[in-house]
Amino acid sequence: MGLWQWIDGLRDGDRPSRALVAVPFVLIAVVTVVDVNVPPEVHLGPFLVAAPALTASFAGPRPTAFVGAVAVLAQAIVAVSRSSITDLNHMYQIVALFLISAIVTFFAHLRVRSAAEMVRLRTVAVAAQRSVLRPLPLYSGPLRLASVYLAAEEGAQLGGDLYAAARTDRGTRLIIGDVRGKGLDAISGAAGVLGAFRALARQEEHLPDLVARLETGVAAHRIDSLNENDDRTEEHDIAESFVTAAVLDVSDEGHGLRLVSCGHPPPLLLRQGRVRALHATEPGPPLGVGPLAGARPTEDVFAFRPGDMLLLYTDGVTEARDASGRFYPLAERAASWTGLGPEHLLERLCADLLRYAGGHLGDDAAAVAVQRLPGPG
């Protein structure tokens, strides 16, 4: 078995390139050769410690320990070549190199273990996110749907943005929202809202009644969560735990839709090259704080004709900034996308948004495109 095959078997996790693995060995060889040939009063042995230290930065504990052992062996060869291995100066150098190699090997072990734990946590987070944020159906009655979720942090898929669609006897109900906060608390809140929406969307005949039930459920969930940590729940603590949402009811018959806004950015209606923001006449407070505000959900009715496109989004889209700090002009950009289908529209939106923000979003972003297909009604 060759040296490279033996090293390949020692590598932990993602394997570094052979050129990178070769660097510590080249360093050891160069230091050893030079140290043997310099005058007796010059000692280059301490430079050998760089080899295991460098290895620990990109490899696991076993390769690091192996490089450390090679470095110690090289220091012993230098000692024998220059005087004697029992020489006090060389003995101290060998012992110090051995101890430092052991220390960096231990830290390499901690780094690899931490990286493995992060991979496991990320896997669990992605599985949780997918179980909560299910893909929307391509079609729902006379509607064609598409959705996208963009995580602010590369590789992360855990956040509080949410969307869902539920088929009813008379049409399709949709929700898009954003839970305040991030991480497990946010996804727990999102799971609660989505679970309640899916269960209640077919039970409540009127949209305001559905939103009122969602409001009650979110408020109760928040109070219970706070009471788990403190029996004394303050009103301002409850008010800081909320979910902005837009809930819509699109009927199969007729050419209209109903909207209840709970502190969420207004949907955009794309029609024949024009974009119109569907502002609620009386927007309600976010879900979870309605009882404190004493508000009752109210709905607005808008025309939604065959060929029209509805773009729902979270504030992670409109609050994305460019290098000069300007917000993303969604309505302006969407005006040029009115001829696209839902999937292509969201593809264009994602590419344009990431390019505008320099490839990095400040917050998670979600968007849903809904198109009413031509047909009877």
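# Report on the predicted model

Cys 262 is buried, with a relative accessibility of 4%. In this report, buried means under 20% relative accessible area, exposed means over 50%, and partly exposed lies in between, computed with a 1.4 Å probe on protein chains only. Cys 350 also counts as buried, at 13%. A disulfide is a covalent bond between the sulfur atoms of two cysteines. Taking a disulfide as a pair of cysteine sulfur atoms within 2.5 Å, the count comes to zero.

The structure is a predicted model, in which local features need pLDDT of at least 70 and side-chain atom pairs count only at pLDDT 80 or more, while totals for chains, interfaces and linings use all residues. Residues are numbered from 1 along each chain as its sequence is written, and side-chain values use heavy atoms, with hydrogens and water left out.

## Sheet and packing helix

Helices (H or I, at least four residues) and strands (E, at least two) are DSSP runs, numbered from the N terminus. Six strands form an open sheet with antiparallel pairing, in the order 1-2-11-10-7-8. Strand 1 (139-140) and strand 8 (274-277) each have a single partner strand and stand at the edges, so one side of each is left without a neighbour in the sheet. Two strands count as paired if DSSP finds at least two bridges between them. Strand 7 (residues 268-271) pairs with strand 8 in the antiparallel sense over four bridges. Val 275 in strand 8 is the bridge partner of Leu 270.

Contact means heavy atoms within 4.5 Å.

Ala 335 is placed in the loop between helix 11 and helix 12 and is partly exposed, with a relative accessible area of 30%. Not counting residues up to four places away in sequence, Ala 335 touches Gly 273 and Val 275. The C-alpha atoms of Ala 335 and Gly 273 are separated by 5.6 Å, although the two residues are 62 residues apart along the chain.

## Salt bridges

A salt bridge is a side-chain nitrogen of Lys or Arg within 4 Å of a carboxyl oxygen of Asp or Glu. The structure holds 11 salt bridges, including those listed below.

| Pair | N to O distance |
|---|---|
| Glu 205 and Arg 170 | 4.0 Å |
| Arg 213 and Glu 204 | 2.4 Å |
| Arg 333 and Asp 352 | 2.6 Å |

Glu 205 and Arg 170 meet in a salt bridge. This pair links distant parts of the chain, 35 residues apart: Glu 205 lies in the loop between helix 6 (183-200) and helix 7 (207-229), and Arg 170 in the loop between strand 3 (161-167) and strand 4 (171-179). Glu 205 is partly exposed at 49% relative accessibility, while Arg 170 counts as exposed at 52%.

In the bridge between Arg 213 and Glu 204, Arg 213 is partly exposed, with a relative accessible area of 40%, whereas Glu 204 is buried at 16%.

Arg 333 and Asp 352 also meet through their side chains. Arg 333 belongs to helix 11 (residues 330-334) and Asp 352 to helix 12, so that the pair links distant parts of the chain, 19 residues apart. Arg 333 is partly exposed at 25% relative accessibility, and Asp 352 is buried at 8%. A network of salt bridges links Arg 333, Asp 352 and Arg 355.

## Nonpolar cores

A nonpolar core is a set of buried Ala, Val, Leu, Ile, Met, Phe, Trp, Tyr and Cys residues joined through side-chain atoms within 4.5 Å. The largest has 46 residues, of which Leu 162, Ile 175, Phe 197, Leu 257 and Leu 310 touch the most other members. Leaving aside neighbours within four places in sequence, the contacts of Phe 197 include Ala 164, Arg 173, Leu 210 and Val 247. Apart from this core lies another, of 26 residues, with Leu 311, Val 317, Tyr 356 and Ala 369 among them.

Gln 75 is placed in helix 4 (residues 61-82) and is buried, with a relative accessible area of 1%. Beyond residues up to four places away in sequence, Gln 75 touches Gly 45, Leu 48, His 90, Gln 93, Ile 94 and Leu 97. Ala 69 is also found in helix 4, where this residue is partly exposed at 44%.
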